[in-house]
Amino acid sequence: MSTYNFQSIEDKWQAKWAESKIYRSEIDSTKPKFYALDMFPYPSGAGLHVGHPLGYIASDIVSRYKRLNGYNVLHPMGFDAFGLPAEQYAIQTGQHPKVTTEINLKKYKEQLNRIGFSYDWEREVQTTDPSYYKWTQWIFIQLFESWYNEKTDRAERIDSLISIFEIEGNINVVHKGDQTASFTASEWENKTAHEKEGILQNYRLAFQKETTVNWCEELGTVLANDEVKDGLSERGGFPVTQKLMKQWYVRITAYADRLLSGLNQIEWSDSIKETQRNWIGKSIGARLRFNTKNANQNIEVFTTRPDTIFGCTFMVLAPDHPMVESITTSKQRDAIESYVKIANNKSELERKKDKSVSGVFTGTHAIHPFTNKEIPIYISEYVLSGYGTGAIMAVPAHDERDHAFAKKFGLDIIQVIADPKEDINVLEKSYDLKDGVLMNSENFDRLNVKEGIQAIIQLAEERNFGKKEIQFKLRDAGYSRQRYWGEPFPIIYKDGIPTVDHDLPLELPDVDSYTPSGTGESPLAHNTKWVNTSSGKRETDTMPGYAGSSWYFIRFMDPKNEHTFASKESLAYWNQVDLYIGGTEHATGHLLYSRFWTKFLFDKGYLTFDEPFKKLVNQGMIQGESQLLNTGNRELHVPIEYVSKDGTLTQNKFEALQQKDSRFADINSKELFDGKKEITLRSQVEKMSKSKFNVVNPDRICEEYGADTLRLYEMFLGPIQDSKPWSTKGIDGTHRFLKKLWSLFFDMDNQPRWDEAKASQESLKTLHKTIKKITEDIDNLSLNTSVSQFMICVNELSSQNCKSRSILKDLLILLNPFAPHITEELWNLSGNEGFIGNAQWPVFEESYVIEKNKAYPISINGKTRTNMEFPLDMSKEDIESQVIQNEIVLKWLDGSPPKKVIVVPGRIVNIVV
RNA sequence: GCGGGCGUGGUGAAAUUGGUAGACACGCUAGACUUAGGAUCUAGUGCCUCACGGUGUGAAGGUUCGAGUCCUUUCGCCCGCACCA
C-alpha cells in the first residue's frame, strides 16, 4: 500500500495510538512540563461543527510540538455536562438528563477522536460525575467556611473569626463583605444561634441573601448577571424580570481588586482584559452624608466627583431606596407611591429601553454640607439601587443625566468647573470632562479637578460627613438555581440554620419530574425522602453551570484522586495552565469565576499560583455560508448539502428537497426553474447553526478529505483569533498539498523515491528555512503561515527533485503536529523506528540559509525599477558606484546627477532624482 | 456615549515590525496528458493600458530617501460595557 489512502491510514494510527497509550502523561520531574488546555465543551445534541475544533487543533499542534521538543505535556479533555440545555431537552423528551447527556457525550468523543487529537483520555473529567462534583461541593464548603480578612488581604477560616468574636467582638475586624453593626464579645455570647448565623452570613464567602434577582419565568430559575443579555436569558432568549428571593451567593466582590490587578500579570488579549476591567468596574470616589431638613435622617451618596459638590443643586434616590417612604411628605405621598409602583413593575428590559426622563419630588429637602442651602430630594428611575448607595448628589452642570433631569424639572444649574480650552454654557449642555479648574467653590476655586477631589474628601473627613470610597460594578455572584440538573448543595437546615453536610459526594437523587414547580422551588423539593433528613431539611436548589467549570483545569492534574481535589505533588508539578484556548464568550463568566476560585484556593494554601491561565488565546468564530433561495415573496435557507459547489441548486436536487422539507413543499418547481436546469442561490455569511441549515460537520470533511486535511485547512484559513466564514471550496488546496507530500516519497508507480545520498545545499536551505519559520510560527501561534511555509517547502523540494531521506525525515517531524496521521505513516514506511512522536525536533542551522549575495531592489524615488545582485559584504560606496552606472538607473536619471543615493546594506538601494 | 479591535485582489489571506505590496492557497483563463475528469501537470492572473508606462493597502493630510506599517483628521464595520453617579 503506498498511495495516499487517508482513511485507512487515519483509522490505523488512531487505533495504534490508543492501544499504545502514547499520549498518557505522568509526572516526570526530569522533564519540563507544559499544560495545554482547551475550553471543555458542553455536549449538545447537535454535535460538533467545523467551528468547534479550530481551537482544539491549535492547542493540539502546540502540544505535539512541545512533546517533540522534550516537554512533558498535559493535554486533557473533558465535558461540562450539567446545566440548562440538557435539562430543557430532558423535559421536552421525558428522558433523564443523564441519559441524553451520555448519548451526546459519546458522539462528541467519537467526533473528537476522528480528528486525531493527542488527548490523554485517561484524565477525562465530567462535571456530572459524582467523583468530580464531590470536590465541587467541597470547594463550596470551603467558601462557606471562609471570610475575607481585609487586614491580611486574604480568605481565612470562619472558625478563627468566631474566636475573635468570642474574645473581642467585631470591633477590630476589617473584612470584605456586608456591613455589620459592631458588637462586643459579651454581646456575641448573648446572641441566639440564629442571630449568630445571621451575622456570620455577612462575612462568609458563600452566603445567603434575600435580594432582587434575575428571575426567568420560562426557565423557572434565577440567572447570574452574565447569563442575562439585554433583559433576556442567554439560553433561550426568554424575558427576565426582577424578583425578591433568598439565594446563595459567592462573594466574588471580595476579590474585585485582586481580580483587577491580576490582569497585569497574565498574557491575555487586550480586549478580554478590558472586558473584565469593565465588568469589575472600579471607581474611586467618596461617600458623602447629607442631612435632611425636618426629617431627622442622613442620606449617603457615592460620587466620583466630590470636586463638583458646590454644583450640587438637588438629590435623587432610587425608587426602591429604603428611605423613600420615611422622607416622603404626606402631600407628595400619592405621587411617590404611584411612581414607585410603576417603576417596580417594570422588567429589566422595559427599564433599559425607556430612556425618558422621569421622577417625583419627595417633598423633603436636604442641607448642602458646605453652603447649608436647602436642596430638593427627588426619586427617579435613573438612579439604580444596586450601585453605590442608591442615592446621588446631582450636579447638573457637570453630569449629562443630572442636566437632563434639571432641565425637565426646572432646577438650578451652577457651573463649578471651568473648561480650560473654551468658554462653555452649562445651561445648554453639561460639561462632564475631568479636565478643568474649580470655580464658584469658595476656598477651592482655582484647584484643578484632581486637587479638588483630594481637598474636598479631606475636608469631608475632617468635618466627619464623608470619606474616600471605592466602588465596584462587580456584584456578588448568584449561586442558586431552582433546577434539577446541577450539583446539590451539601447544606442541611437545622432549625433553619444552614449547616454543612460533610458526607460527600452528596449525590443528585432521582425525581419524578424535572419541570420547575413554578413557585420558585427546585424540582428536588418534590423528593421528600431526600429532602427530609434526621438532622433537618436539605437545600433543594442546585449549583449554577459555572460551579463545575470554575476548577476543572485543576482536577485534570489528578483526576482520580479520592482523597483530595488534586494532590499537592500534581499541583506543584503541573501548576498553571500554560496555554488556554477558547472562545471569547466566556470573558465575564467562566474566566472570571475561575480566576476567583483560583485566588481563593491559593489563599487557603491549596494552590501555589493565584492565576489559573498564564496565556489565553481566543479563537475566532467560524461562520457558516448560508444559501438562500428567493421564492418570489421570501427567501428560504436551503440546506447546504443540496447545493452544488458553485452555489447553484439543480431542479433534481430541489425536487428531492421538497420531499424532505415541508418549507419547500408547496412551491411550484416548474415555475421556479422556468426551463433552466439550475438556479444560482444568494450566499450569506452568518452564524453556523442548525436553524440556518449551514452547518458543516467535521465528520463529513474527514470522510471526504481526511482529518489531516481538515486540520491543515482550519489552520490555513487565517489567524486563529479572527472570525471567518467557512468555505469548503478552498479545502482542495491543502488536500493537494498532502498528495504532493506523498509524491515526494513515492513515485507514480508507487515506488519509494528516497535515497541515502547526501542532501543538496539547495534542499538543506529549503529545510532549514522551514525549520526556522515553523518553530517561530508555532511559538507565536501563527499557524496559518506555517501551513504556507510547508507548501513552499514541498513545492521547492519537488522542483529540486529532492530524494534525501534525511531531509524528508526532518520535514515529517516538522509537519507531524499539524498532520499527525500522514506523517506517522510516511515515517513508518520510510523505515524509521518507533512512533514519530518520540522523535526530536530538528535544530535550525543558520549556516545553511546564509546567502553570499543579495538581489538588491533598486528604487528611484521609492519605486522599485530594477534589481541588481551584489555580495552581502560589499561596501555602501562600491554598491553606489555600480548602481549609478546601471542602464535602467541612467535612463531614469536622464542626464542629471542623482540628488541622493541611500544604500541600506542587505536591504535596498534608493535613488532620489 | 465609553472601551477594545479591524478595514490589503474576485475569495481566504501574507508582508522579515519603516525597505521589492499581494507570499501561500482558492477561483478564473489558456494549454498538455486523458475514453472521461470534480485527477494530474505547465503557463498566466491587483487595476488601467496593444504597449511604453501609470496606478494601487477605506478616505484626506503629514513625517521620511522610502509608509500597508508611524502621526493627525475622517468614514465604515465587528465585539464588550452602558442611566455605574
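Helices (H or I, at least four residues) and strands (E, at least two) are DSSP runs, numbered from the N terminus. This is a predicted model, in which local features need pLDDT of at least 70, side-chain atom pairs count only at pLDDT 80 or more, and totals for chains, interfaces and linings use all residues. Residues are numbered from 1 along each chain as its sequence is written, chains are lettered from A and ligands numbered from 1 in the order in which they are written, and side-chain values use heavy atoms, with hydrogens and water left out.

**Whole chain**

Select chain A. The chain holds 31 helices and 35 strands, and its C-alpha trace spans about 100 × 85 × 75 Å along the principal axes. Of its 913 residues, 54% count as buried; buried means under 20% relative accessible area, exposed over 50%, and partly exposed in between (1.4 Å probe, protein chains only).

Go to residues 900–904, which make up strand S34 and include valine 904. Valine 904 is partly exposed, because its relative accessible area is 32%.

Next select residues 206–216, strand S5, where eight of the 11 residues are buried. S5 belongs to an open, antiparallel sheet of four strands in the order S6-S5-S9-S19. S6 and S19 (477–478) are the edge strands; each has a single partner strand, so one side of each has no neighbour in the sheet. Two strands pair if DSSP finds at least two bridges between them.

Colour S9 (residues 240–250), which pairs with S5 over 11 bridges in the antiparallel sense. Phenylalanine 207 has tyrosine 249 of S9 as its bridge partner. On S6 (residues 221–223), S5 forms three antiparallel bridges. There, tryptophan 215 stands opposite valine 222, and asparagine 214 is bridged to leucine 223. Four residues separate S5 and S6 in their hairpin, and glycine 220 takes a positive phi near 65°.

**RNA strand B**

Now show RNA strand B, which 51 residues surround; the closest are Thr304, Arg401, Leu717, Arg736 and Asn795. A residue is near a strand if one of its heavy atoms lies within 4 Å of it. Of the RNA atoms that come within 4 Å of the protein, 62% belong to sugar and phosphate.

Zoom in on arginine 736, where a polar side-chain atom lies 2.3 Å from a phosphate oxygen of the RNA. At threonine 304, a polar backbone atom is 2.3 Å from a sugar or linking oxygen. Serine 271 places a backbone N or O atom 3.5 Å from a sugar or linking oxygen of the RNA.

**Histidine 194**

Finish at helix H8 (residues 193–200), which contains histidine 194. Is histidine 194 buried or partly exposed? Histidine 194 counts as partly exposed, because its relative accessibility is 49%.

Key: A polar contact is a pair of N or O atoms within 3.5 Å; within protein, one must be able to donate a hydrogen and the other to accept it, and residues adjacent in sequence count only if both atoms are side-chain atoms.
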